[in-house]
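Me: I have a model open and want to go through it piece by piece. Can you take my questions as they come?

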Amino acid sequence: MINAVGRDIPEEILKATGKEVFQGNHHFDGHVFQRHGANTRCVINSNGSKVVDSIHDVLVKCGIKDGMTVSFHHHFREGDYVVNMVMREIHEMGIKDITICASSLGKAQDELVEYIEDGTITNIQSSGVRGKIGEAISNGKLQGLAIMRSHGGRVRALVTGETKIDIAFIGTPTCDEYGNCRGIGGKSDCGVLSYAMADADYADHVVAITDCMVPFPNFPAHISMTNVDYVVEVDAIGDPNKIATGAAKPTTDMRKLMMADYCTQFVVNTPYFKDGFSYQTGVGGASIASTISLAKVMKERGIRMRFGVGGLTKPMCQLLIDGQVDALLDTQDFDLAAVESVKDLHHYRISAGEYANPFNKGAVVNKLDFVILAALEVDVHFNCNVVVDSNGMITGAQGGHPDTAAGAKCAIVIAPLLQGRTPAICTDVTTVTTPGESVDVVITDYGIAINPRRKDLIEAMKDVDLPFTTIEHLRDIAYEIAGEPQKVEFGDRVVGIIEGRDGTIMDVVRQIKPFEFTEE
Amino acid sequence: MNNPNKKRLRRTMMFLNAQKPGLIKDPYIYKPDSIMLDLEDAVAENQKDAARFSLYHALKTINYRGCERVVRINGLDSPYWKEDIRCSVAGGCDSIRIPKTESAQDVQLVEREIAFAEKEFGRPEGSVLIMAAVESARGVMKALDICESSERLFGIALSGGDYTKDLQTHITGTGIELMGARQNLVIAARAAGVQCFDTVYTDLDNMEGFRQDVETIHLMGFDGKSIINPRQINIVHDIYTPKQKDIIFAEKVVREIDEKKAQGIGVFTVDGKMIDIAFYDGAKRTIALAKASGVYKGDL
C-alpha cells in the first residue's frame with residue numbers, strides 16, 4: 001500500500017506488524033487511547049535493600065527467559081558499557097530470542113553482532129543503529145524485523161503498550177540502595193536520564209546499574225525508587241572519556257560557516273524571530289556555528305530566546321550563562337559544558353516523552369519555533385533520510401529529527417550539496433525517515449530552497465539577499481557535478497521498518513544486495 | 001591582442017593546491033574573484049606530474065562559474081615550467097602566474113611558451129594572460145620593466161615570504177618590512193597601467209590583523225590580495241567594495257560634472273565639497289568597481 005510519502009509498504013509487512021501506513025503528520029490528532037500500565041511488584045517490607053550482587057543474579061530475580069524484551073538508554077553514548085555487560089550475561093545463560101528496545105545503539109555495542117548471529121537477539125527496536133549492528137541488520141542477519149523509531153515515537157510505543165518491556169536496565173551515574181537514580185555525579189556523569197524515564201514508568205522490572213553508590217536519599221531523583229525493583233553496583237558503567245567530551249572547537253571550515261551564516265540570516269528574517277522565540281539545534285559543525293552567529297544577532301537586536309531544547313552543547317549553554325535565554329530544556333548532554341550547565345536553576349531536565357511523544361497531551365516540540373537539523377539525503381519532495389547511507393546500509397539514527405521537524409514552526413535542514421561524491425539533494429531519498437511535509441527549508445552550500453508549501457516563508461524572504469533557488473535546481477546542480485547516482489539495489493527481504501512517530505510505517509529497509517560489476 | 005579580461009575585477013586571488021581534489025572541486029562557491037591553482041610550492045617535488053594531471057582534468061571538467069582560473073607554474077629555473085604551461089593551456093586556464101619574476105625576459109620566455117601552447121591546442125592567440133609574481137629585491141627594482149614586458153601581462157603580485165628572506169628580514173605582521181616593495185610595485189603597476197596584488201597573510205587565527213593588513217593595502221592602491229583560505233574572502237570584499245554612501249556621492253559627482261561642463265562651469269560643490277574635473281576619473285572608478293562587485297543598481 002502506498003503511504004503519504006509515496007512509499008509502497010508491502011502487505012506482508014503491514015500484516016506482520018499490524019501497523020498502518022503513514023497518512024500524514026496530523027492523522028492521529030485528537031486520537032483517544034488507554035495508556036498501558038506496567039506490572040508492579042509492591043515493596044512494603046521496610047527492612048529491605050534493593051541491592052543485588054550481580055547482573056546474573058538480577059536477571060534470575062527478574063525471571064529472564066527466552067523471548068523477553070529488555071531495554072536500555074544511550075546517555076553514555078560511545079562510552080556505554082551497560083548494554084554489552086547485560087547482553088553478555090544473557091548470552092552466557094543461554095537465553096534466546098531477546099528483543100532489544102534501546103533509545104539508540106552505536107559502535108559501543110558492536111559485540112552484539114555475535115549474539116544476533118547466534119539467535120540470542122532476534123529483534124531490535126531503536127532510534128537507529130550505527131556501526132557493525134547496522135551492517136548486520138542490513139545484511140539480513142537479524143531474524144526478526146528491526147524497528148527504527150524516533151525518540152518521541154519510542155515513548156509512544158511504550159505508552160500505548162505496543163512495546164512491552166520485561167526488564168529495563170538503566171545505567172545511572174549515581175544511585176542509592178533504594179534505587180533513586182541521578183544522571184549527575186559519580187565518574188560516568190552524563191547529566192540527564194531523559195530517555196530512560198519512560199522505561200522506568202512502563203517496564204515490568206526496572207534494574208538500576210551504577211558504579212557510584214551514594215547514601216539514601218539520592219535526591220532529587222531523576223528516576224525515582226518508586227519505579228525501581230533492583231540495584232546492581234558494577235566496577236564501571238562507561239568510559240567517561242567517551243560519554244561527555246570537551247566541547248568541540250567551533251568549526252573553521254568555511255563551507256560549514258557559510259551554511260551556518262545562511263541559516264542565521266534565514267532565521268532572523270522570519271516572522272518567528274522575535275523576543276521570546278524558541279530554538280533547537282543539533283551537534284554538527286554548521287548547527288553549532290549557526291547558534292554562535294545567532295547569539296550575536298540576538299545581542300545586537302536585544303532579542304531574547306524564551307527556551308532552547310534538545311541534546312545540548314556548549315554554545316546553547318553559553319546562551320544561558322550570557323543571559324540570552326530564559327530556560328534550557330534538556331534531553332541529552334553532548335559535552336562537559338552541558339553536563340556542568342545542567343546544575344543551573346534554569347536548565348531543566350525533561351523526559352523523552354515530554355520532549356517529543358506525539359501520543360501525550362502535548363510535547364515540547366510542538367512549542368518550537370525553530371529547529372536546525374542535518375540530513376544524509378533530502379529529495380525534491382523535501383523528504384529526509386537520516387538512517388540509511390548511499391550504499392543502502394543502516395548507518396544512522398532518527399533521534400528527534402522527525403519529532404522536532406513535525407513540531408517546529410520552521411524546520412531547517414542544513415546539508416552540503418554533495419556528501420563526498422554523492423549528491424545529498426536528490427530526486428528520491430533512499431529511505432524516508434522524515435516526511436517532506438515537516439521540512440520547511442533546505443540550506444546547502446550552493447543555495448537555499450524553501451518548501452513551496454510555505455508560501456508565508458517565501459513571502460517573508462522576498463527582499464532578503466540570500467541565494468534562494470528551488471530544490472529541483474539544487475538537485476540538478478548536484479547531478480551536474482557528480483552525475484545522477486544509480487539507484488541502490490536491494491534484495492527482496494525487508495529487514496527493517498522506519499516507523500513514523502505515530503507508529504505508522506514511513507518506509508521499509510531491505511536487505512543489501514552485494515554490488516556486482518557487469519561487463520558492458 | 002586585446003583581451004577584455006585584462007582589466008577584470010580581482011579583489012581576491014585564492015591559492016589552491018592543484019593536487020587536492022577536495023579543494024579544487026568547487027572553490028567558486030565562496031565567490032573569490034580568481035583562483036590560483038598551484039603547481040609550485042604546495043606540490044612536492046615527486047608529485048609534480050600527478051598535480052598536473054588533476055589540474056588538467058579539473059580545468060577540463062569543472063564549471064568554475066565565471067571565477068578566473070590562474071595557474072601558478074613552477075619556476076623558470078626548474079625542469080617543470082614548460083610542461084606546466086602546456087597542461088594549463090590545454091586544460092583551458094585563463095592565466096599563468098610566473099613565480100620569482102626578476103626581469104622582462106622572464107615574462108617574455110613564458111609568453112613564447114604560452115603562444116606555442118595556444119597554437120598546439122587550438123586556442124585563440126592571446127587568450128591566455130600572464131601575471132608576474134615578484135619575490136626578490138632584484139624583482140622589485142625591475143618592477144616597471146616587468147610591468148611593461150608583455151601585452152598579455154595583466155598585473156604583478158608581491159610574494160612576501162621569499163622577498164623578505166632576500167631582504168634578510170622576515171614577516172613581522174606590522175608591514176614595515178614590506179613597505180618599500182609594496183610602494184614600489186604599486187607605483188610601477190600604475191605607471192604601466194596594469195594591476196597590482198598584495199602578498200598572502202598566513203595567520204588564519206588573527207582575522208583582525210588580516211583586516212588591518214587589507215585596509216592598509218587598499219589605501220596604498222593595490223587592486224587586490226592573494227589569499228590562502230576562503231575565510232579571508234569576505235573581509236577583502238567588504239573593504240574593497242564601495243560603500244553605498246560613496247557610490248551615491250560618486251554618482252552625483254559624475255552627473256554634476258557632466259552637467260556643469262555643458263554649462264561651462266569648472267568648479268562647484270557637491271554635498272559641501274569642492275569638486276572639479278580632477279574628481280571625475282576617481283568617481284567613475286568607484287562606480288565601475290561597484291558595478292563589478294555587484295552592488296551598483298544605478299544607470300551610469
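Me: Lys100(B), buried or exposed?
Reply: This is a predicted model, and in it Lys100(B) is buried, with 22 other C-beta atoms within 10 Å. The cut-off for buried is 20 or more.

Me: Where in chain B does Lys100(B) lie?
Reply: In the loop between β4 (95–98) and α4 (104–120) of chain B.

Me: And what is phi of Lys100(B) near?
Reply: Near 50 degrees, which is a positive value in a residue other than glycine. Arg65(B) also has a positive phi, of about 50 degrees, although it is not a glycine.

Me: Is Arg65(B) buried or exposed?
Reply: Exposed, because Arg65(B) has 9 other C-beta atoms within 10 Å, and 12 or fewer counts as exposed. Arg65(B) sits in the loop between α2 (48–61) and β3 (68–72) of chain B.

Me: Staying in chain B, where does Ser149(B) lie?
Reply: Ser149(B) is in the loop between α6 (143–147) and β6 (153–158). Ser149(B) counts as buried, since it has 24 C-beta neighbours inside 10 Å.

Me: Which residues does Ser149(B) touch, not counting those up to four places away in sequence?
Reply: Ala104(B), Val107(B) and Gln108(B).

Me: Helices next. At what angle do α9 and α10 of chain B pack?
Reply: At about 35 degrees, with the axes 10 Å apart; α9 covers residues 207–220 and α10 covers residues 233–240. The crossing of α9(B) and α10(B) is right-handed.

Me: Which residues meet there, in α9(B) and α10(B)?
Reply: α9(B) contributes Met207(B), Phe210(B), Arg211(B), Val214(B), Glu215(B) and His218(B). On the α10(B) side they meet Ile235(B), Val236(B), Ile239(B) and Tyr240(B). By class, the contact of α9(B) with α10(B) has 7 nonpolar, 1 polar and 2 charged residues.

Me: What percentage of the residues of chain A count as buried?
Reply: 55% of the 520 residues. As for contacts in chain A with a separation of 6 or more, 74% of them are between residues 24 or more positions apart.

Me: Take Ile124(A). Where is its place, and what is it in contact with?
Reply: Ile124(A) is in strand β4 (residues 121–126) of chain A. Leaving aside neighbours within four places in sequence, Ile124(A) is in contact with Ile100(A), Val129(A), Ile137(A), Leu142(A) and Ala146(A). Ile124(A) counts as buried because it has 25 C-beta neighbours inside 10 Å.

Me: What kind of peptide bond joins Phe216(A) and Pro217(A)?
Reply: A cis one, with omega about 0 degrees. Phe219(A) and Pro220(A) are also joined by a cis peptide bond, with omega about -10 degrees. Pro217(A) is in the loop between β9 (205–210) and β10 (230–233) of chain A, and Pro220(A) is found in the loop between β9 and β10 as well.

Me: Last one: how many residues does the contact take from chain A and from chain B?
Reply: 4 residues from chain A and 5 residues from chain B. The side of chain A that touches chain B has 2 nonpolar, 1 polar and 1 charged residues.

Technical notes: Residues are numbered from 1 along each chain as its sequence is written. Chains are lettered from A and ligands numbered from 1 in the order in which they are written. This is a predicted model: local features need pLDDT of at least 70, side-chain atom pairs count only at pLDDT 80 or more; totals for chains, interfaces and linings use all residues. Two residues are in contact if their C-beta atoms, placed from the backbone, lie within 7 Å. Ala, Val, Leu, Ile, Met, Phe, Trp, Tyr, Cys and Pro count as nonpolar, Asp, Glu, Lys and Arg as charged, and the others, Gly among them, as polar. Axes are lines fitted to C-alpha atoms, for helices over the stretch in contact, and angles run from 0 to 180 degrees between N-to-C directions. Helices (H or I, at least four residues) and strands (E, at least two) are DSSP runs, numbered from the N terminus. A crossing is left-handed if the near helix is turned anticlockwise from the far one by less than a right angle, and right-handed if clockwise.
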